[in-house]
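I opened the model to look up a few places in it. My notes follow.

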Amino acid sequence: MFTCTSRLLSAVRHTEVRHILRNVTTWSPVGAAFNVRPQRRVELWEKNVGLFGVPELSSPGGFEVTSERALKETEQLVDTVCKNPPGASTVQAFDQLSDSLCKVADLADFIKVAHPDPAFREAAEKACLKIGTMVEKLNTNVDLCKCLKDLLDNKEVMAALDPETRRVAELFMFDFEISGIHLDEKKRRKAVNLHVKLLDLNNEFLVGSHLPNKIEKRALPEHIRHHFSLDGNYIQIGGLHAESSDELVREAAYKIFLYPNQNLMKCLDELLSCRDKLAKLVGYESFAHRALKGTMAKTPGEVTILASFATTVQFETAQDFKMMKEMKMKLNPTNCELMPWDHPYLSGVLRAERYNIEPSLYSPYLSLGSCMEGLNSLFSQLLGVSFQTEQPKIGEVWSEDVRKLAVVHETEGLLGYIYCDFFQRLGKPHQDCHFTIRGGRRMQNGEYQLPVVVLMLNLPHPGQSAPTLLTPGMMENLFHEMGHAMHSMLGRTRYQHVTGTRCSTDFAEVPSILMEYFATDYRVVNQFARHYQTGQPLPENMVTRLCESKKVCGAADTQLQIFYAVLDQVYHGKPQNRSTTEILKKMQEKFYGLPYVPNTAWQLRFSHLVGYGAKYYSYLMSRAVASMVWRQCFFRNPLDREMGERYRREMLAHGGGKEPMLMVQGMLQKQPTIEDFVDALVSELNPDFETFFMDSEG
């Protein structure tokens with residue numbers, strides 16, 4: 001239910017946008033909310049409701065309060081589980097345990113990286129460590145495990161449970177098993193200690209991987225110093241500057257940003273060693289074997305087959321590198337050797353030259369507000385879901401730039417909330433990502449706990465005379481992240497342990513990658529892409545050129561992803577008697593094709609090693625599934641409501657409560673093989689695949 005006040009505030013913002021952007025005649029409340037800076041009206045008598053409406057989180061000290069409350073509730077629930085006979089209530093209690101801890105840990109996990117106040121970040125960090133330690137202790141609690149094992153061993157009781165409840169019970173048992181529950185007491189303590197150590201190592205590596213490197217400014221030519229941040233007599237380099245047109249800037253950034261940090265190198269070595277010890281302690285051949293259990297790939301062997309895709313695109317990759325080298329020779333005849341820092345820039349130059357893809361030509365048609373209206377329209381037609389803007393209360397958000405959306409289904413009502421943290425600010429991480437703050441679940445009183453998520457982007461603020469204008473790449477990222485959000489919103493699982501994106505990693509990216517196809521289909525884009533001043537639609541030929549340009553250097557881009565995936569597998573496979581840098585060099589030569597640059601350590605910037613350890617291949621696997629779903633189900637009509645309903649029913653609704661391959665099979669109405677996955681990836685690189693598909697399907 002939305003109050004009259006929220007509708008009035010939307011109407012006020014609507015009027016403000018029309019006043020500032022006089023040439024645009026109409027904006028919906030959703031479009032208006034994102035096309036101007038929000039007008040916050042602070043009322044002295046309004047109470048601070050706390051972050052996300054959690055009263056205790058009106059101050060940093062609230063994290064300790066919520067953590068302690070969750071820990072006490074955990075003790076009570078453990079006692080309840082151990083006293084009750086095995087049955088469906090056992091799984092419900094386990095899920096309530098998970099929910100109690102996740103509601104603190106997930107929220108804190110976001111705040112520790114996103115809140116502008118260091119005191120909040122520090123308090124959230126402490127909460128994460130405290131809850132994380134408790135989770136590891138629970139995963140090695142013998143009495144708790146015995147209660148679950150009694151349930152799983154009781155065939156009569158298990159047979160009476162619904163499939164989702166059985167699967168959730170099995171997933172909880174899997175958590176016990178990979179934590180070493182079957183070990184003797186001495187080894188269990190060792191497993192707990194390894195888990196706790198990994199929490200620290202993961203955090204250390206994640207933070208270190210994003211820290212800038214410094215160099216004395218006299219070490220760089222004076223004419224390129226202004227491209228970087230100055231810090232006294234030092235120049236600070238916090239990224240690769242891959243899009244810079246100045247080759248010397250790209251080279252300097254690459255060599256300095258990737259220069260080895262010995263402390264971080266030691267941290268990575270310890271992290272990989274710790275993971276290997278833990279995996280072997282609990283009975284797995286390697287950490288990769290442990291990580292892949294329950295995924296679509298299932299074993300490292302299946303990932304290896306997927307990686308063999310590299311040989312399939314070898315010729316196309318060589319052709320791409322040849323084109324890049326010719327372009328580099330054209331731009332700089334004195335130095336035409338193709339280097340890793342050239343790949344992103346030159347591939348972009350080739351796309352722009354061949355198809356006249358200049359982002360500034362597209363941006364006026366892609367205001368943030370119009371893109372949000374486009375998403376609203378797409379979800380409404382495809383899934384019967386729409387966005388409604390709400391005014392956050394005092395203290396509810398961590399920045400005044402955050403917008404709040406209620407997600408409403410045409411018959412089911414309110415589904416959940418999306419907080420949109422879209423705009424740049426000092427200290428904000430430069431990553432586009434989706435955070436689950438609270439998972440959905442069926443509560444004991446019959447009501448549904450509504451999911452809450454945050455989408456984080458890094459977009460420029462709207463100005464006085466123009467809204468935030470997106471490049472095509474920014475627009476695709478917005479659609480991608482919204483795919484994650486809708487996965488969270490549309491899942492209606494009974495248990496929060498498997499809600500939304502809490503599914504196997506190689507399936508979690510499917511909905512977001514699928515959204516990228518919608519973002520570049522003219523039948524969808526034409527519904528919202530309008531020039532912010534004239535109202536003219538984005539010409540169809542510009543969208544066509546954009547789509548065709550994506551095929552340029554597509555093989556080389558895919559080859560790079562294969563290299564990353566293989567490197568990740570090798571790091572987490574059988575221990576090597578050589579450094580991570582030596583492994584990097586060998587894998588780069590074998591699976592990428594561009595030379596390793598001496599005195600660099602790209603792996604120290606590979607932050608995905610923390611969250612995607614042994615599962616980075618998931619992007620390739622998910623892209624293959626998304627490609628198959630798009631071509632078979634949405635290519636003919638991207639706004640097909642019947643297919644949209646099937647998509648929700650077969651894929652989005654289950655979260656992780658159903659085997660991922662069964663969800664893919666339900667959507668495609670056939671069981672794909674690993675060869676089908678490879679074929680799908682190959683088809684992505686073939687400019688004529690859509691024509692071929694149409695012909696082959698009749």
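Which residues of helix 15 are buried? I found Thr317, Asp320, Phe321, Met324, Met327 and Lys328 buried (under 20% relative accessible area with a 1.4 Å probe, protein chains only; exposed is over 50%, partly exposed in between). Seen down the axis of helix 15, these buried residues fall within an arc of 120°, so they line one face; the arc is taken from the directions from the helix axis to the C-beta atoms. An α-helix has 3.6 residues a turn, so residues three or four places apart point the same way. On the other side of helix 15, I noted Phe315 and Lys330 as exposed. The buried residues of helix 15 pack against helix 10, helix 16 and helix 24. Helices here are DSSP runs (H or I, at least four residues), numbered from the N terminus.

A note on sources: this is a predicted model, where local features need pLDDT of at least 70 and side-chain atom pairs pLDDT 80 or more, while totals for chains, interfaces and linings use all residues. Residues are numbered from 1 along each chain as its sequence is written, and side-chain values use heavy atoms, leaving out hydrogens and water.

Next I looked up histidine 531, in the loop between helix 22 and helix 23. Histidine 531 is buried, with a relative accessible area of 15%. Its side chain reaches the backbone nitrogen of glutamine 533 at 3.1 Å and that of threonine 534 at 3.5 Å. Not counting residues up to four places away in sequence, histidine 531 touches Pro364, Tyr365 and Gln536 (heavy atoms within 4.5 Å).

Methods
Helices (H or I, at least four residues) and strands (E, at least two) are DSSP runs, numbered from the N terminus. A polar contact is a pair of N or O atoms within 3.5 Å; within protein, one must be able to donate a hydrogen and the other to accept it, and residues adjacent in sequence count only if both atoms are side-chain atoms.
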